[in-house]
Amino acid sequence: MSILVYTESENNNFKKNALEVLSYGKALSKIMNEKVVCVSFNIDNTEDLSLHGADKSIIINDTSLADFKAKTYSNCISKIAKKEKSKIIILSSSADCRYLAPLLAVELDSSYSPNVVDLPKSSNPLVVKRTCFTNKAFSFSELNSEINIIGLSNNAFGVHENQSETTFENEKIELIEDTIKINSTEKITGKVTIADADIVISGGRGLKGPENWHLIEDLAEVLGAATACSKPVSDMGWRPHSEHVGQTGKPVASNLYIAIGVSGAIQHIAGINSSKVKVVVNNDPEAPFFKAADYGVIGDAFEVVPKLIKKLKAFKN
Amino acid sequence: MNILVCISNVPDTTTKINFINNDSEFDTNGVQYIINPNDEFGLTRAIWFQQKKGAKVTVLTVGESSCEPIMRKCLAIGADKAIRIDAIPTDGFFVANQVSEICKKNNYDLIIAGRESIDYNGGMVPGILAGLLNYNFVTNCIQLEIDQNIAVASREIDGGKEILSSKLPIIIGAQKGLVEEKDLIIPNMRGIMQARQKPLDVIRPINIQAKSIIKSFEKPKPKGEVKLVPSDNVDELINLLHNEAKVI
């Protein structure tokens, strides 16, 4: 028996969420008295696994796995899960993990609960706490399959060091044929993504037009943050859909979320509510966002933000 | 081309969420229901294929008779036919298995479901369906073109997009971006009248066990008061974020 963790990597480095799911797996392994096994693809830089608690690491190095393909990856993970007799499999909330999780659930005839925010409330039966109604509530769900898949919410558990003795194995897996072809991938490089960001800066209609977005971008640059926007802003075409955060857009679970000129409609708040600290800058003291925020500045974004950028630059130096 | 669009009946996005019976049940009192927004993006794209390429569009839901108003709305938007599987949708695994039964009996070239519903946010139905039927699958889909029997779909990834191609049949997890917000169809009177004449078949569910059960709900703890910082004192804000919140 074991707990299996899929540790995602990119360019020979583990992603932050990989170390978070491993930290979670380690904590769970102590409760359940099981070993935690990691499965990773195409990586040789594995120090982070020992540092974050892996008892065993299985690495599949295969040039045919250079590109993520949901069906092939889920098939590889299912084979490892069977070999390791894994009863619990832990995945992150990355776009790729959400893509492969249901496929994996079918292969293993297992349950799948995404958006899990904490260690299980009980391990027998397995009851997990997860968000529902797009962060407006939590549910306690009993997962009652032989094998259960937990999808951990981004930034819900954190990364915890736990130096451990790890045994390493390289595995060769016969790959299935994946009939989906990747034509091309466009990825913005050198910019923090909303999913990975510790800090997210978001702009709303209060910025009056796309030409003023340098305020958001400059502030994001000083803080090493990702940029986001409200629904009306993306609907009007001021910013791309990929930046829309909220109930029908992307969820945000950053450490710090700063909303500039966003009124804070219930759908917007739902999407960003998992963020730890929320700051709002708005000239309307009645804006609903002030009820959801930790810190607020009532003032004109065009005056407050440039001052904030200047002071933050000084602070960072 | 035969298209199936899976529809979920969800509380309106502005709904305040409350629970009853010792927090074991969602309080539906006074709740307005809508087509799950992700499903509606998918339906709108399906209607585009119907209008431009003569596709036939069937909408399907798993739910009790209380879902029928939104199925009529789908018909008013333009779907040709509706199916309701008469069961309480207990979890994504249960729902996907019900849908899969219908798919096995019909040759759908394209099956669209929202990437997730905005109520239980499981994000499982299209993927599990793909696994059960062994069909190709693209989720978080923000663009979809079909030429002959080849689908070209863009998938939103963390920090960009990926363009994929596959033979039909294919299952798509729809989301915002697949169509523009302005292209969403508001039913007109003619559509609403026609919808009354269109078939809405009610089918009995197959016997299958859910793999997860919701035991109880909890609402987030009420938030403390916002700490206001004067707009001429951003130093104080930086100080609070650094020393108190410890986030910068």
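1. The lining of the largest cavity has no nonpolar residues, six polar and four charged. Here Ala, Val, Leu, Ile, Met, Phe, Trp, Tyr, Cys and Pro count as nonpolar, Asp, Glu, Lys and Arg as charged, and the others, Gly among them, as polar. Among the lining residues are A:His241, A:His244, A:Lys250, B:Arg115 and B:Glu156. The space amounts to about 70 Å³.

2. This is a predicted model: local features need pLDDT of at least 70, side-chain atom pairs count only at pLDDT 80 or more, and totals for chains, interfaces and linings use all residues. Residues are numbered from 1 along each chain as its sequence is written.

3. The second largest cavity holds about 50 Å³. Its lining divides into 10 nonpolar, no polar and no charged residues. A:Leu219, A:Ile258, B:Leu237 and B:Ile248 are among them. α6(B) gives the most, three residues. (Helices are DSSP runs of H or I, at least four residues, numbered from the N terminus.)

4. Between the chains, 78 residues of chain A are in contact (heavy atoms within 4.5 Å) with 76 of chain B. The buried area (accessible area, 1.4 Å probe, lost on being put together, summed over both parts) is about 6900 Å², and carbon and sulfur atoms give 58% of it. A:Tyr99, A:Phe133 and A:Tyr295 supply 11% of what chain A buries against chain B, more than any other three residues.

5. Nine salt bridges (side-chain nitrogen of Lys or Arg within 4 Å of a carboxyl oxygen of Asp or Glu) cross the interface of chain A and chain B. One joins B:Lys211 to A:Asp109, with the closest N and O atoms 2.9 Å apart.

Notes
Chains lettered and ligands numbered in written order. Heavy atoms only, no water. 1 Å grid on protein atoms, 1.4 Å probe; cavity = no way out; pocket = protein on both sides within 12 Å on 5 of 7 lines; lining within 4 Å. Points joined across faces, edges and corners; volume = space filled by probe spheres on them. Helix = DSSP H or I, 4+ residues; strand = E, 2+ residues; numbered from the N terminus. Buried area = accessible area lost by both parts, 1.4 Å probe.
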